Amino acid sequence: MGGGQYLAILICIVLAAFDGFDILAIALAAPGIAAQWQLSQSLLGWVMTMELIGIAFGAAFIGNLADRIGRRPVILSSILLISAGMFATAISPNVYVLSLSRVVTGIGIGAVMAALNAVVAEVSNGRNRSTFILLMTAGYGAGAIAGGMISAELLRHFDWRSLFYFGATGTVLVFPLAYPFLYESVSFLEQKQPDGAQEKIRKILVRYGHEPNFVLPDKVAQGSKAGFALLFSTKYRRITALLSFAFLAHISTYYFVMKWIPKLVVDSGFTASEGATVLVWASFGTLAGGLSMAVIARFFDPRRLVITMMVAAAVFVVIFGRLSADLTLLTIASVIAGFFTYAAAIGQYPLIASYFPTEIRAGGTGVVLAIGRGGAVAGPVIAGYLLQANIPLAQVAMLISLGSLSAALSIWLLGSSSSSSGGR
């Protein structure tokens, strides 16, 4: 690992942090949005998931594009798209424009998610790959914490729109950092071999602090299948299906907790600022879960670790649903639920990277994330309808927790992490 590789990974972590804030900003703004436009619980559930629909599209289609044209152009263009979507959200005159703006923001976030996972996997050496992927994904939790703390202050002095002005500004400021220091993936250049690939790789190796004594190997003939076709071919379709279902099922549980915390706190008689504070504490739990996974994944089988975290997540989500009347206990339960749900969620990223080879790694990540975002949409929306039907929160939480349990079963059926499947 050279200094340039560490810098590239740091840039990816910073990008993930701003994405983490962008995703949770709508949850922080939800009480203000609901009050301004008099939205029902069920409609608010849809509004809070609009960017998740965009994420699904961006991860699947633009993530697949990163396997064709490169990781770098997709990441750089997506940064600008995210910032534009956040700014459009801030100036939205009605809930329909706001929802469309969140979809646009989500498209950029989904593309970045898919591309970042591929970049970190390909920039890291084999020994540190899982650790760095987990650190990058832990950046989402760090961004939620930092952004949530700032948001709590903003909500004390301004309305919900200030959150999106902040998000738009912060995201676009990452561009001057990423443009000169985030290079194209060497693995991508080696596999695709565009014009001048050998010279480009040698320059990147020098910037990473390595000797430029690289000779481009003979180009391996590409099969007739590529992209989506290869992902759903006989060789990979079982892997794609099981990883996608696991991500979908578990992420529904995770987003139920993280999207509804502020609104549940307000509905329990507390202020919007207190709701934001509880979400910040829950985000501390997610960060701790992410960092813990990054450390312990070096010593334990990541697949078995993810299964354990998913089962624990289901247990503590049920506990979370039974403590809404007491702010202190709810905060503690939110922290623990955040820890396990997020640890299990990000623990799937290195599994995804290990099961897919370079030529479909970004696209494979994108498809898994895209299908998984169906769960991200389903969790908050289903919860909204159930809560509007006056079903007690404890029962709602118990139903939603089944997502994590079924995800654990899917990962168990997947079998051992397969470098034999072509992961590089």
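Colleague: Why is E184 said to have no salt bridge, and which side chain of opposite charge is nearest?

Modeller: E184 is buried and has no salt bridge, with R71, the nearest side chain of opposite charge, 4.8 Å away. Opposite charge here rests on Lys and Arg being positive and Asp and Glu negative, with His and the chain ends not counted. Buried means under 20% relative accessible area, whereas exposed means over 50% and partly exposed lies in between (1.4 Å probe, protein chains only).

Colleague: What should I keep in mind about the model and its numbering?

Modeller: This is a predicted model, in which local features need pLDDT of at least 70 and side-chain atom pairs count only at pLDDT 80 or more, while totals for chains, interfaces and linings use all residues. Residues are numbered from 1 along each chain as its sequence is written, and side-chain values use heavy atoms, with hydrogens and water left out.

Colleague: What does the side chain of E184 reach, and at what distance?

Modeller: The side chain of E184 comes to 3.0 Å from the backbone nitrogen of R71. E184 itself sits in the loop between α8 (175-181) and α9 (186-192), where helices (H or I, at least four residues) and strands (E, at least two) are DSSP runs numbered from the N terminus. Apart from neighbours within four places in sequence, E184 is in contact (heavy atoms within 4.5 Å) with I69, G70, R71, R72, P73, L189 and I204.

Colleague: What makes R71 and E122 a salt bridge?

Modeller: Their side chains meet at 2.6 Å, N to O, which is within the 4 Å limit, so the pair qualifies. R71 belongs to helix α4 (residues 71-90) and E122 to helix α5, 51 residues apart, so that the pair links distant parts of the chain. R71 is called buried because its relative accessible area is 0%, and E122 is called buried because its value is 10%.

Colleague: How many salt bridges does the structure hold?

Modeller: The structure holds 4 salt bridges, and one of them joins R102 and E51, whose closest N and O atoms are 3.9 Å apart. R102 lies in helix α5 (residues 95-123) and E51 in helix α3 (residues 50-69), so this pair ties together parts that are 51 residues apart in sequence. R102 is buried because its relative accessible area is 0%, and E51 is likewise buried at 0%. Another salt bridge connects D301 with R304, with closest N and O atoms 3.8 Å apart; here D301 is partly exposed at 33%, while R304 counts as exposed at 59%.

Colleague: Why is S401 called buried?

Modeller: Its relative accessibility is 4%, which falls under the 20% limit, so the residue is classed as buried. S401 is part of helix α18, and its C-alpha atom is separated by 4.7 Å from that of A314, 87 residues apart along the chain. Beyond neighbours within four places in sequence, S401 is in contact with T253, A314, V317 and V318.

Colleague: Why does Q38 count as exposed?

Modeller: Q38 has 66% relative accessibility, and since this is over 50% the residue is exposed. Q38 occupies the loop between α1 (3-37) and α2 (41-47), and its phi is near 55°, a positive value in a residue other than glycine. N390, also not a glycine, has a positive phi of about 65°, lies in the loop between α17 (358-388) and α18 (393-414), and counts as exposed at 69%.

Colleague: How do you know that the radius of gyration agrees with a compact globule?

Modeller: For 424 residues a compact globule would have a value near 22 Å, and the protein chain has 21 Å, which agrees; the radius is taken over C-alpha atoms, and the globule rule is 2.2 Å times the number of residues to the power 0.38. The chain has 18 helices and 0 strands, and buried residues make up 59% of its 424 residues.

Technical notes. Polar contact = N/O pair within 3.5 Å; in protein donor to acceptor, adjacent residues only side chain to side chain.
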